[in-house]
Amino acid sequence: MLRAASRRTTVELAAGSSVIARMPGGIKRRAMQLDEGAPILEVRDATGEVKLLPGDEVELTRPGQG
């Protein structure tokens, strides 16, 4: 069963952030209600805090350069 297509949410990365894309394990996939085969994005900010985001639902941007 596939979820209905959703609009992507824009997430702006803060200075010093890094991102890793990976495949979630079954428990994490179910907890995040991801379709099989959908990646997760681990966004780590400059303080080390990690947020997990559904890779098929977000668009990552970085602050504009003046």
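Predicted model: local features only at pLDDT ≥ 70, side-chain atom pairs only at ≥ 80, totals over all residues.
## About the model

Local features are given where pLDDT is at least 70 and side-chain atom pairs at pLDDT 80 or more, while totals for chains, interfaces and linings use all residues. Residues are numbered from 1 along each chain as its sequence is written, and side-chain values use heavy atoms, with hydrogens and water left out.

## Overall layout

Let's start with the elements. The chain has one helix and five strands, and from the N terminus they follow the order β-β-α-β-β-β. Here helices (H or I, at least four residues) and strands (E, at least two) are DSSP runs, numbered from the N terminus.

Of the 66 residues in the chain, 21% are buried; buried means under 20% relative accessible area, exposed over 50%, and partly exposed in between, with a 1.4 Å probe and protein chains only. Among contacts (heavy atoms within 4.5 Å) with a separation of 6 or more, 47% come from residues 24 or more positions apart.

## The sheet

Three strands make an open antiparallel sheet, ordered β2-β3-β4. Its edges are β2 (18-22) and β4 (50-54), each pairing on one side only. On average, neighbouring strands in this sheet are turned by 25° against each other, direction ignored; the axes are lines fitted to C-alpha atoms, and angles run from 0 to 180 degrees between N-to-C directions.

Strands count as paired if DSSP finds at least two bridges between them. Antiparallel β3 and β4 are joined by five bridges, and L41 stands opposite L53 in β4.

## The nonpolar core

L53 and L41 turn up again here: together with L13, V43 and V58 they form the largest nonpolar core, which has five residues in all. Such a core is a set of buried Ala, Val, Leu, Ile, Met, Phe, Trp, Tyr and Cys residues joined through side-chain atoms within 4.5 Å.

Setting aside neighbours within four places in sequence, V43 touches L13, S18, V19, E49, V50, K51 and L53.

The largest cavity has a volume of about 30 Å³, and its lining consists of S18, I20, E42, R44 and V50. The elements giving two or more residues to that lining are β2 and β3. A cavity is a set of points on a 1 Å grid over the protein atoms alone where a 1.4 Å probe fits but cannot get out, and lining residues have an atom within 4 Å of a point. The volume is the space filled by probe spheres set on the points, which are joined across faces, edges and corners.

## A loop residue to look at

Most residues other than glycine have a negative phi. Q33 is not a glycine, yet has a positive phi of about 55°. Q33 lies in the loop between α1 (26-31) and β3 (40-44), and counts as exposed because its relative accessibility is 60%.

How values were computed
1 Å grid on protein atoms, 1.4 Å probe; cavity = no way out; pocket = protein on both sides within 12 Å on 5 of 7 lines; lining within 4 Å.
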